[in-house]
Amino acid sequence: MIRSWIKTRAAGVLSRLAGSTGAPVVIGYHRVVEDFKASAATSIPSMLVSRKMLGQHLDWIGRRFRFVSLDELGARFDGSDGDQDPIVAITFDDGYRDVYEHAFPLLQQKGITSAVFVVTDLVSTTGVQAHDKLYLLLASVRPGGLAVLLRRLRISVPGMDAASPYRATRAMLEMLPQESIRKVIAALEAEVTISEDTFKPFYSVTWEMLAKMQRAGMTIGSHTRTHIVMPNETEQQVAAEVTGSREEIQRRLGTDVRHFAYPSGGFNTAAVNAVANAGYRLGYTVCTHRDATHPQLTVPRTLLWENSSLDFRGAFSGPILTCQVRRAFDLVSGCRQRHRIGQEIANA
């Protein structure tokens with residue numbers, strides 16, 4: 001409560017100082033649900049926004065920005081768009097089916113274009129994102145059980161003895177290659193049973209849904225084939241993921257895929273080069289670090305969720321949302337990403 005109160009008071013000051021820089025704004029979401037509280041009981045809360053809250057966000061943003069497609073955003077970046085008005089693009093990561101069920105009708109109703117970045121190996125399947133499955137399994141493990149399991153697998157992740165399911169999930173995703181993540185999941189599944197019904201809310205869209213959204217004006221972009229955290233993988237694996245996902249979308253939907261979002265915002269120089277070599281026009285991160293050679297492949301985004309704009313009373317706050325959209329809180333918290341960056345990447 002005290003931290004929330006301080007954030008609310010600080011937002012009142014920062015929102016007045018965080019004037020427009022004229023730079024385009026890109027907003028990102030993940031899942032869109034009907035009931036946030038019910039969904040948060042089995043999901044990573046910071047990946048959820050209710051349909052009602054999303055509507056509030058869009059209404060507030062729409063009074064201050066002009067909504068544009070990602071291609072229009074690219075035109076602003078390359079100078080072919082001569083306008084100077086404030087613009088914003090709305091994006092959704094991972095390709096959850098509830099984006100089609102809840103966000104898509106809302107966006108159509110409001111006449112707003114947007115984009116969805118899909119994990120192609122999960123489209124039209126009942127597979128579940130590794131981070132969702134890992135979180136669900138960890139929430140069911142007895143205290144101390146994860147540390148024992150990791151030692152048995154000979155996988156080293158510091159601080160797992162007292163980590164919450166969310167912190168443990170985040171730590172493993174940030175530090176481990178996908179092969180190790182899968183080993184942990186398999187070992188947990190041998191000890192914990194979760195019904196298939198529990199996984200249904202995490203299903204991805206189908207290719208038919210994507211085709212319908214594309215016909216309605218939504219941009220379909222890539223989020224790799226399997227949602228790898230790119231700095232944790234080999235250059236060969238990264239290249240296969242970014243190229244394979246682009247080719248699959250183009251084959252299935254008959255469209256040129258120009259846009260790519262880095263899973264979990266993780267990138268380094270090798271990852272950016274792979275995205276460039278695969279032929280993408282723009283790439284989207286979750287922080288303000290830019291690659292000096294490929295700045296348009298490291299476009300910052302602000303990720304929002306249900307509580308992003310709430311004050312200490314739990315009510316919607318325009319000043320707090322202003323600070324989120326303008327990234328004013330970054331002046332205090334800084335970047336939380338581990339980029340393993342070299343001289344080629346600089347802080348914008």
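Mentor: Let us begin with a helix pair: H12 passes H13 in a right-handed crossing. A crossing is right-handed if the near helix is turned clockwise from the far one by less than a right angle, and left-handed if anticlockwise. Helices (H or I, at least four residues) and strands (E, at least two) are DSSP runs, numbered from the N terminus. Please note that this is a predicted model, in which local features need pLDDT of at least 70, side-chain atom pairs count only at pLDDT 80 or more, and totals for chains, interfaces and linings use all residues. Residues are numbered from 1 along each chain as its sequence is written, and side-chain values use heavy atoms, without hydrogens and water.

Trainee: At roughly what angle do the axes of H12 and H13 cross?

Mentor: Axes are lines fitted to C-alpha atoms, for helices over the stretch in contact, with angles from 0 to 180 degrees between N-to-C directions. Here helix H12 (residues 235–253) and helix H13 (residues 269–278) cross at roughly 35°, their axes coming within 9 Å.

Trainee: Which residues make the contact?

Mentor: Contact means heavy atoms within 4.5 Å. H12 contributes Glu235, Val238, Ala239, Val242, Thr243 and Arg246, while H13 contributes Ala270, Ala271, Ala274, Val275 and Ala278. An α-helix has 3.6 residues a turn, so residues three or four places apart point the same way.

Trainee: How is burial read for asparagine 232?

Mentor: Buried means under 20% relative accessible area, exposed over 50%, and partly exposed in between (1.4 Å probe, protein chains only). Asparagine 232, in the loop between strand E7 (219–222) and H12, is buried because its relative accessible area is 12%.

Trainee: Is leucine 73 buried or exposed?

Mentor: Leucine 73, in helix H4 (residues 70–78), is buried, with a relative accessible area of 0%. Beyond its neighbours within four places in sequence, leucine 73 is in contact with Pro24, Val26, Val68, Ile87 and Tyr284. Isoleucine 87 is 14 residues away in sequence and 7.8 Å away, C-alpha to C-alpha.

Trainee: How many residues of helix H6 are buried?

Mentor: In H6 (residues 130–138), 7 of the 9 residues are buried, among them His131 and Asp132. The buried residues pack against strand E5 (87–94) and several helices, including H7 (145–153) and H8 (165–175).
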